[in-house]
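Look at the sequence and the structure together as you read. The paragraphs that follow go from one residue to its surroundings, and then to the whole chain.

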Amino acid sequence: MMQFNPNPSANLDVQRQIQYPVGNGFKSFFARAIIFKSFVSMLLGDNSLQTVGDMVDGLLQTPAYDLTAQHLKQYPACAALICDRYIPPAHDLEALLTYPQDSLGYIYAATMKKAGFDPNLHAGMAAESDAHYVELRLSQTHDIWHIITRHVLKLAS
């Protein structure tokens with residue numbers, strides 16, 4: 001007997017799987033093919049945003065991000081962000097470069113400028129589901145996590 005999750009988006013996914021088994025099978029196969037192609041491309045050195053975007057699109061068609069959103073919603077602060085679809089204001093690299101040189105803001109701005117990355121790549125994007133919101137926020141904070149982990153590794157060595 002199938003049990004339904006109290007999460008409406010999870011129930012919707014289950015209902016779609018029951019209603020459209022052939023279409024969902026094709027969608028699942030197609031998503032796996034996209035993920036595999038992107039993975040191989042990355043292994044061969046293609047780090048383009050297009051390849052990363054293709055992989056994300058494939059992963060969004062799997063339960064991965066839905067499961068992540070469900071897990072995060074167990075924590076009230078995360079649940080509120082997901083529910084509200086909070087998107088922070090754009091980063092002002094010039095303002096961050098006025099911060100102390102050993103601050104996260106300064107290091108982030110200097111790194112982004114040196115690499116030529118657009119810190120507001122996601123400006124104007126909206127998330128239509130919990131899964132899309134989690135992916136969008138992970139993508140928005142991706143470069144910050146690189147900086148934090150690199151700094152922590154320097155401190156540890």
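This is a predicted model: local features need pLDDT of at least 70, side-chain atom pairs count only at pLDDT 80 or more; totals for chains, interfaces and linings use all residues.

## Contacts, cores and salt bridges

Setting aside neighbours within four places in sequence, Ile-82 is in contact with Ala-69, Leu-72, Lys-73, Asp-130, Tyr-133 and Val-134.

Take the core to begin with. The largest nonpolar core has nine residues: Val-56, Leu-60, Tyr-65, Ala-69, Ile-82, Ala-127, Ala-131, Tyr-133 and Val-134. At least two of its residues come from each of helix 3 (49–60), helix 4 and helix 8. Helix 8 gives the largest share of this core, three residues. In soluble globular proteins, nonpolar side chains tend to be buried together. There is also a second, separate core, made of six residues, including Leu-93, Ala-109, Met-112 and Ile-147.

Ala-131 lies in helix 8. Is Ala-131 buried or exposed? Its relative accessibility is 5%, and buried means under 20%, so Ala-131 counts as buried. Not counting residues up to four places away in sequence, Ala-131 touches Leu-60, Tyr-65, Asp-66 and Ala-69. Take Tyr-65 from that list: Ala-131 and Tyr-65 are 66 residues apart in sequence, while their C-alpha atoms are 4.8 Å apart in space.

Now turn to the charged side chains. Side chains of opposite charge can pair when their charged atoms come close. How many salt bridges does a search of the whole structure find? The search finds three.

One of them joins Lys-73 to Asp-130, with 2.5 Å between the closest N and O atoms. This pair links distant parts of the chain, 57 residues apart: Lys-73 is in the loop between helix 4 (64–72) and helix 5 (76–84), and Asp-130 is in helix 8 (residues 130–156). Lys-73 counts as partly exposed because its relative accessibility is 28%. Asp-130, with a relative accessible area of 14%, is buried.

Asp-130 also meets Arg-85 in a salt bridge, at 2.7 Å from N to O. Here too the pair links distant parts of the chain, with Asp-130 in helix 8 and Arg-85 in the loop between helix 5 and helix 6 (93–96), 45 residues apart. Arg-85 has 25% relative accessibility and therefore counts as partly exposed.

The remaining salt bridge is between the side chains of Glu-94 and Lys-113, at 2.4 Å from N to O. Glu-94 belongs to helix 6 and Lys-113 to helix 7 (residues 104–115); the two are 19 residues apart, and the pair links distant parts of the chain. Glu-94 is partly exposed, at 47% relative accessibility. Lys-113 is partly exposed as well, with a relative accessible area of 43%. Salt bridges with shared partners join Lys-73, Arg-85 and Asp-130 into one network.

Next, consider the open space in the model. The largest pocket holds about 900 Å³ of space. It is lined by 31 residues, and those closest to its centre are Leu-49, Val-52, Leu-121, His-122 and Ser-139. Helix 3, helix 7 and helix 8 are the elements that give two or more residues to this lining. Which element gives the largest share of the lining of the largest pocket? That is helix 8, with eleven residues. By type, the lining of the largest pocket divides into 16 nonpolar, nine polar and six charged residues.

Last comes the protein as a whole. It has eight helices and zero strands, so read from the N terminus on, as elements numbered in order, the pattern is α-α-α-α-α-α-α-α. Of its 157 residues, 24% count as buried. Among contacts between residues at least 6 apart in sequence, 54% join residues at least 24 apart. The pair of Ala-131 and Tyr-65, 66 residues apart in sequence, shows what such a separation looks like in the model.

Note on methods: Residues are numbered from 1 along each chain as its sequence is written. Side-chain values use heavy atoms; hydrogens and water are left out. A salt bridge is a side-chain nitrogen of Lys or Arg within 4 Å of a carboxyl oxygen of Asp or Glu. Helices (H or I, at least four residues) and strands (E, at least two) are DSSP runs, numbered from the N terminus. Buried means under 20% relative accessible area, exposed over 50%, partly exposed in between (1.4 Å probe, protein chains only). A nonpolar core is a set of buried Ala, Val, Leu, Ile, Met, Phe, Trp, Tyr and Cys residues joined through side-chain atoms within 4.5 Å. Contact means heavy atoms within 4.5 Å. On a 1 Å grid over the protein atoms alone, a cavity is a set of points where a 1.4 Å probe fits but cannot get out, and a pocket is an open set with protein on both sides within 12 Å along at least five of seven lines; lining residues have an atom within 4 Å of a point. Grid points are joined across faces, edges and corners, and a volume is the space filled by probe spheres set on the points. Ala, Val, Leu, Ile, Met, Phe, Trp, Tyr, Cys and Pro count as nonpolar, Asp, Glu, Lys and Arg as charged, and the others, Gly among them, as polar.
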